[in-house]
Amino acid sequence: MRKISPFVFLLLPWFSLAAETPVANNTESFVQPSEVARTATPKTQPLKAGSDLIQAVENNVWFDSIDISLSGDRNDNGFFHNIYVRFDADTAYNEVPVFVHYALRRPGQAEVIIHTSSVFTLYGTSANDWFAIESELLHSIPTGYYDLVLRLYDADYGDLLAEISGNDTGALADLALEDLSYDREPVVIIEEDSGSLHWSWLMALLLLAPLRKQALRRRRA
């Protein structure tokens with residue numbers, strides 16, 4: 001039987017913390033409709049805001065509108081480390097408890113999930129049950145252009161209900177992003193050179209100073 005070095009057990013807590021380090025700082029906000037809005041007659045078919053907006057996994061849940069904005073560019077290179085997304089999703093049922101995965105992807109790279117939301121409820125076709133999240137990217141997002149992917153899951157059964165990404169709407173495609181480790185403020189190095197006074201001349205002047213003082217004393221005497 002192979003023995004495990006005690007040093008390995010010392011490293012385990014460090015690896016555990018590293019694995020749990022979040023990719024982003026996320027702040028959620030959402031609004032649930034009033035009782036009057038909840039009793040609105042559900043739609044039997046999705047009412048699409050645009051033919052390029054919706055990719056429904058099933059016909060009973062869909063994304064109705066999405067707003068997105070980018071901010072935070074410390075080094076002024078046109079790539080941002082903050083994402084704000086607000087969406088309204090609808091359902092043909094009276095109400096459905098859901099949660100959402102937010103992920104970033106780019107060609108040739110593994111998809112990075114930046115957040116799994118808390119559970120919230122969709123109430124029919126109400127416009128008052130919107131959900132928003134603001135994410136500050138911390139690591140694992142090198143400078144580049146990314147597609148944002150949103151996936152809605154049934155909170156009771158875990159089934160994928162709806163998905164939307166840059167393949168479905170240009171608003172979620174080719175987002176110019178980088179995390180904080182890449183978004184560093186530029187360091188400016190200033191070099192000064194008079195071009196006429198070398199350091200050796202300064203040393204010569206310092207050595208000549210006592211001689212000048214002695215000469216002035218002799219003249220005064």
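Which residue forms a salt bridge with Arg-151, the closest N and O atoms being 3.3 Å apart?

1. That partner is Glu-163: the salt bridge joins Arg-151 and Glu-163, with 3.3 Å between the closest N and O atoms. Arg-151 lies in strand β8 and Glu-163 in strand β9 (residues 160–164), so the pair ties together parts that are twelve residues apart in sequence. Note that this is a predicted model.

2. For Arg-151, the relative accessible area is 14%. Buried means under 20%, so Arg-151 qualifies.

3. Arg-151 also meets Glu-111 in a salt bridge, at 2.8 Å from N to O. This pair links distant parts of the chain, 40 residues apart. Arg-151 sits in strand β8 (residues 144–154). Glu-111 sits in the loop between β4 (96–105) and β5 (112–116).

4. Glu-111 has another partner, Arg-105. In this salt bridge, the closest N and O atoms are 3.9 Å apart. The cut-off is within 4 Å, so the pair counts.

5. How exposed are Arg-105 and Glu-111? Arg-105 is partly exposed, with a relative accessible area of 22%. Glu-111 is partly exposed too, at 32% relative accessibility.

6. The count comes to three salt bridges. Through shared partners, salt bridges join Arg-105, Glu-111, Arg-151 and Glu-163 into one network. In general, side chains of opposite charge can pair when their charged atoms come close.

Terms used:
Residues are numbered from 1 along each chain as its sequence is written. This is a predicted model: local features need pLDDT of at least 70, side-chain atom pairs count only at pLDDT 80 or more; totals for chains, interfaces and linings use all residues. Side-chain values use heavy atoms; hydrogens and water are left out. A salt bridge is a side-chain nitrogen of Lys or Arg within 4 Å of a carboxyl oxygen of Asp or Glu. Buried means under 20% relative accessible area, exposed over 50%, partly exposed in between (1.4 Å probe, protein chains only). Helices (H or I, at least four residues) and strands (E, at least two) are DSSP runs, numbered from the N terminus.
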